[in-house]
Protein chains: 4
Amino acid sequence: MTSRRVCVVVSSRASYSRVRTALLAMQAHPDIDLHVVLIASALLDRYGSVLRLMKADGLEVAARAVTVLEGHDPTTMATSTGLALLKLVTILENLQPDVVVTIADRYETLATAIASGYMNIPLAHLQGGEVTGSIDEKVRHAVTKLANLHLVSTPRAALRIERMGEDPDTVFVTGCPSIDLAVEVLNSPEVEIDVVGERNGGTGCRLDVSSDYIVVLQHPVTTEFADARSQVLESLHAVRQSGLNAVVCRANEDAGSQGTADGIRAFRTDDDTDRFLYVDSLGPTDFLRFLHGARCLVGNSSVGIRECSFLGVPVVNVGSRQTNRERAANVIDAAADRAAVYEALSRQLANGRYAHDELYGSGQAGEKIAAILAEAPLRIEKHYVE
Amino acid sequence: MTSRRVCVVVSSRASYSRVRTALLAMQAHPDIDLHVVLIASALLDRYGSVLRLMKADGLEVAARAVTVLEGHDPTTMATSTGLALLKLVTILENLQPDVVVTIADRYETLATAIASGYMNIPLAHLQGGEVTGSIDEKVRHAVTKLANLHLVSTPRAALRIERMGEDPDTVFVTGCPSIDLAVEVLNSPEVEIDVVGERNGGTGCRLDVSSDYIVVLQHPVTTEFADARSQVLESLHAVRQSGLNAVVCRANEDAGSQGTADGIRAFRTDDDTDRFLYVDSLGPTDFLRFLHGARCLVGNSSVGIRECSFLGVPVVNVGSRQTNRERAANVIDAAADRAAVYEALSRQLANGRYAHDELYGSGQAGEKIAAILAEAPLRIEKHYVE
Amino acid sequence: MTSRRVCVVVSSRASYSRVRTALLAMQAHPDIDLHVVLIASALLDRYGSVLRLMKADGLEVAARAVTVLEGHDPTTMATSTGLALLKLVTILENLQPDVVVTIADRYETLATAIASGYMNIPLAHLQGGEVTGSIDEKVRHAVTKLANLHLVSTPRAALRIERMGEDPDTVFVTGCPSIDLAVEVLNSPEVEIDVVGERNGGTGCRLDVSSDYIVVLQHPVTTEFADARSQVLESLHAVRQSGLNAVVCRANEDAGSQGTADGIRAFRTDDDTDRFLYVDSLGPTDFLRFLHGARCLVGNSSVGIRECSFLGVPVVNVGSRQTNRERAANVIDAAADRAAVYEALSRQLANGRYAHDELYGSGQAGEKIAAILAEAPLRIEKHYVE
Amino acid sequence: MTSRRVCVVVSSRASYSRVRTALLAMQAHPDIDLHVVLIASALLDRYGSVLRLMKADGLEVAARAVTVLEGHDPTTMATSTGLALLKLVTILENLQPDVVVTIADRYETLATAIASGYMNIPLAHLQGGEVTGSIDEKVRHAVTKLANLHLVSTPRAALRIERMGEDPDTVFVTGCPSIDLAVEVLNSPEVEIDVVGERNGGTGCRLDVSSDYIVVLQHPVTTEFADARSQVLESLHAVRQSGLNAVVCRANEDAGSQGTADGIRAFRTDDDTDRFLYVDSLGPTDFLRFLHGARCLVGNSSVGIRECSFLGVPVVNVGSRQTNRERAANVIDAAADRAAVYEALSRQLANGRYAHDELYGSGQAGEKIAAILAEAPLRIEKHYVE
């Protein structure tokens, strides 16, 4: 058997971090010829250079294309999707892969799925079948209906995909590769001194990582993007009320990101507590080590649902972004309102760490994914299974 | 209550014909402010001018955009989708509709669905939930997962959509508006003399519409586009073997259409029977009247499944394009092989007309669709209903 | 005679400000039916909302399209041009103007010119024929070769256009409409108190407009975009050395703008003189009044060459961006080096105001432009005049 | 010195044929690392597969992208340009050439020029400076203003480019590489028997190449595309009137090509002389040999102006497409009117062959071009030379 040409389209630093162990496993697999394509915010420096991470990981970029419009609003997201589609067609036409891999639910995943679908290239989708409640969920399920292989994180995700009419033989529960990294972190959890303040270009207070601190990571909700500014402000005020130190991480670039950034800036200008550190982007391992040492995560990132369940870190999940997503005991939901966030945060601080939970996998997802991509039958044609 | 601004995106002559009664009902509805947008093959003259049909129907074009690439192969279809998306964003940004309507399953429906989805405009999808077995089916279901309102043709389509996790309150069985036209045709079925040979620019033999004749309408199957030429040739040879006259209609412009056209041309060059008439495109009413008078339809058009079931016209459905689609008693399937097609055709000619069947509706679909679009709650947000 | 449908494509706040009096004159002209199309940075809030300015001016937007990619580097500028072209085609197809107007030399002007050229719509180009020395100059002359009417600012610009083979009958010296505004400002030059610090959201020091102050407006040079950060820093250090107060204006979004912004931020973080005010964007009139009261303008904006010559404001023109551009006595050139800038600045502060100069017009450009667009013969075809 | 990475963008079969000897010379040059990119009609089979020609010539395709919209009208040409630009950016970003080469004046040359210009890659333009009188001329000169190196066919073209403000040090007269092929043909002019009727898939009469025959090659004029049908019909009627045999070649795909094709089809349906052979596309060498043996070329192809002057073949140049283009004694112009064409044709038939003329070069253009691309200084920056 000759190697399969596997093309993985990575569109953001978050996606890269999430599938990193799968990429490394593919790179090492004798029957896979890996081609990584970078598009969208994976190429924007202000979201953390994926190029740098890949180099450090010994991975090469097969092709790249800028696709993100400035001025993140609903119109630009749709335009960016169209642009990504046009550019991916040309990239795939020139790469000629045997299978294309798309990850999760950002708008670029639809572009990848459509390009593959019409170009008769089998499509594998990682992390389908989950529910979250926003445009992301619509996109995730639409990609499922365009995909030929489904590599999912949880048994319930698999069940949903089958209910949507997909052939059970094409659905595989691999766990989420993000948990693979969490296993590493759990095995050597020490945060290096100064990692945050220096190496990652943070500004604001100087944080003592052996102290008690909270991490804030809150993204705009694309269907509520006009409220992004006020939503992040509510969380920040609640965190300040706790009296603990906090690290505030930069949000992703979905519609509303300008509002989120404005909210953080406004808070920072007013705040004189010297207890807040603002960081653009941490490396995935540093970030997880850092989370592991935190008293609580406040925000709406999926990290709170996935990695934190495995690590046992308490999470205050704010607002509607993760609505309906499967979660372990470590998550308390709160409305995007400072009183509600503060109340949930107080409960979490009182509770302390949670037990380790394997809801999103136990740590071999990367290798499982590589094995399936190397071996599973590749078909284009499919039918709704009644 | 002020009128709703309803934007219907029409991307082909077939789509126009299919939803024509719905458009006329919306135009007449006091609470709907109709805007028709034309894209894709709806603007290509060789597929029959939708502009002319609309004018005859008293409808105006609100905006238009060319989007179809030349050289119909998988690469161009994906590129056309991206281009349609870019242009629809600009059109929708300038039209600002309250709801966007997309029809069926061509690639442009995905562009419409993505533009609406990211621009936070509710999307209504006509004719979802059906199964057919090709890229069209993938696209149809992907559009379902992006849509907010589902106006479907049959109860089983509705059931599938609900199984895919859509809220039953957003799913409406209206019947297919194509049947509305079939009702008209059934009420006045006379084909005007010479309609085919003269008014529609056909070439080939001169057909006597009072004689026995067969209609051939066979499209390329996009996932088998390399076989388009041989597939249509098999059907044409089987029809010639029947000894009856035949009208051969031009195929749509999906990937493979060049092959289909080549096959027809090759057949025609060789054929000396003077029993074949070749037509580019008939008006929807003329075409149905013509079908109504035919002894049999041979090919893989959905007209065979829908309108012909209502009209009771025998159909030989060739190949995989309509696989799994719900059908009435009037359809006999045949492989894309001349012996198989001839055998099925012989059975249909021996059988004669079938009983009228309301599987795809009873003829008020246009009005039902208009009423729902005028009244149904419009929401952007949705969740997978477990 | 029926009105001409004139479509003016505005792609930035700078362009809007520059042609504002021409737009108002067209709006008032009985034989012109004006349609303003906004694209590119004209729609990005952080560059100052053209929508707001237009509303204040009583002008309507006929159509709009987002076209600017994030991550300003050479790749994104080329992509933005392609995107603007795709979207303008659709907009022009739906507007059907008699003549399209494009302004100056930004990359979007090429998109406008190509769309018009291939769509057989006559193109009028404002401000062609000037020389500057960067990609802008290439673009400006390329647009000249695609344009049918040339409305230029100076006799020498007209001469260059004729030398390039354009028909002299299609070349009109109107003066630059930016000077029209300078006339108004000269007639009522008072800067309202606090205009800068409050109304325009500036940050930094509180500036007394009756004091001596310098204005800094320095854009990245697209062919030297890697040096943008250091180039602006050199200017800022030279200005600090002068000991005067200064207002630092945000740069445009060409390739390198991130570098310029970074340079300004770095300077600001280090600076403790409390003599610098940082503003995002001033209204055109406020900005000119403000310039009029300044002791000197430092940077590379074309405002220093145009409006300042009329107003007699001393200018230190830094680096290569305006190389070769026609200038009056008020400009001293300096290399992008703090010693050179400081030396030139010292000479200008010693010299004081210059005499009023009408090199770029005397103030009726807007009306002249409107009259020509209403009356000049409109032809598509043209030939190189030997 | 390390090899230069030269990227040649080929957008049509005509362009390929024209620069073929330059490509072969670059391939053979030790200091050039050649990358050929195919876009636009170069990838459309119905215009003759460039892929096949390149394979026969031992050349590889570095990258490719479909870019041509269906439905050739002004709107689609502008859209195709935008699409080509978007795709070329991605291709160039991934190829990273040292210099990009664009050829002549089709719309895709502008896309290539803009992509290179904004991506800071030096651009070499072949065949600039000529005059022709249609949108092609506008585009050609616009590309000149964006290019850094000009490799032209005639001294007058060089002069025009210098008059447009280009630095004489960047302008090189190489002759047209199409003449290199004409030299070969002149050295071995025998047309192989049956070459036309069989090997090239022609239809219509069977032509005896030793007889007297006329060649017809007439393209639509993009600014008069509505007249394409009638224009070609006038020429065909004039040719029929001559009583000689004729070979009618398929036109290119500019706006109006549908009209041209319709005109030819209509003529063919009516014609019963059995003296006309219709061919889709001949290989470049076959075509030239064939032209060499013809009594006259009728149409508006540039081949009549270039290669035919060298070969001494009489040409009736119809209509405005080549207006103002430099020509030798072998060309007689005629209006697009059957009487005028017939009159000019009669004069040419009476005159017979013309003397060999080296207006467009003497046959080493390919090698000269390769040498210049390997050695000339490459600069991005340029200024209008007063």
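Two strands pair if DSSP finds at least two bridges between them. This is a predicted model, and that criterion applies to the sheet described here for chain D.

**The sheet of chain D**

Seven strands of chain D form an open sheet with mixed pairing. Their order is β8-β11-β10-β9-β12-β13-β14. The edges are β8 (203-204) and β14 (331-334) of chain D. Each has a single partner strand, so one side of each is left without a neighbour in the sheet.

Helix α10 (residues 257-270) of chain D packs on this sheet. Helix α10 touches β8, β10 (245-249) and β11 (276-279) of chain D. Its direction makes about 145° with that of β11(D).

One pairing can be followed in detail. Strand β12 (residues 296-299) and strand β13 (residues 315-318) of chain D run in the parallel sense, joined over three bridges. Within this pair, L297(D) stands opposite V315(D) of β13(D).

A further helix, α14 (residues 338-351) of chain D, lies across β9 (213-217), β12, β13 and β14 of chain D. Helix α14 runs at about 165° to β14(D).

**Two interfaces of chain C**

Chain C meets both chain D and chain A. The table sets out the values for each.

| Chains | Residues in contact | Buried area | Share from carbon and sulfur | Salt bridges | Residue pairs in polar contact |
|---|---|---|---|---|---|
| D and C | 51 of chain D, 51 of chain C | about 4,400 Å² | 63% | two | 15 |
| A and C | 16 of chain A, 16 of chain C | about 1,200 Å² | 62% | zero | four |

**Chain D against chain C**

Two salt bridges link chain D and chain C. In one salt bridge, the side chains of E386(D) and R160(C) meet at 2.7 Å, N to O. Four elements of chain D give two or more residues to the side that touches chain C: α3 (74-95), α4 (107-118), α5 (135-146) and α6 (155-163). The largest share, twelve residues, comes from α3(D). By residue type, the side of chain D that touches chain C divides into 23 nonpolar, 16 polar and twelve charged.

**Chain A against chain C**

Chain A and chain C bury about 1,200 Å² between them. On the chain A side, V66(A), L69(A) and E70(A) lose the most area to chain C. Together they account for 48% of what that side buries. No salt bridge is counted between chain A and chain C, but four residue pairs are in polar contact. The residues of chain A that touch chain C divide into seven nonpolar, six polar and three charged.

Definitions and conventions:
Residues numbered from 1 in each chain as written. Chains lettered and ligands numbered in written order. Predicted model: local features only at pLDDT ≥ 70, side-chain atom pairs only at ≥ 80, totals over all residues. Heavy atoms only, no water. Contact = heavy atoms within 4.5 Å. Buried area = accessible area lost by both parts, 1.4 Å probe. Polar contact = N/O pair within 3.5 Å; in protein donor to acceptor, adjacent residues only side chain to side chain. Nonpolar A, V, L, I, M, F, W, Y, C, P; charged D, E, K, R; others polar. Axes fitted to C-alpha atoms, helices over the stretch in contact; angles between N-to-C directions.
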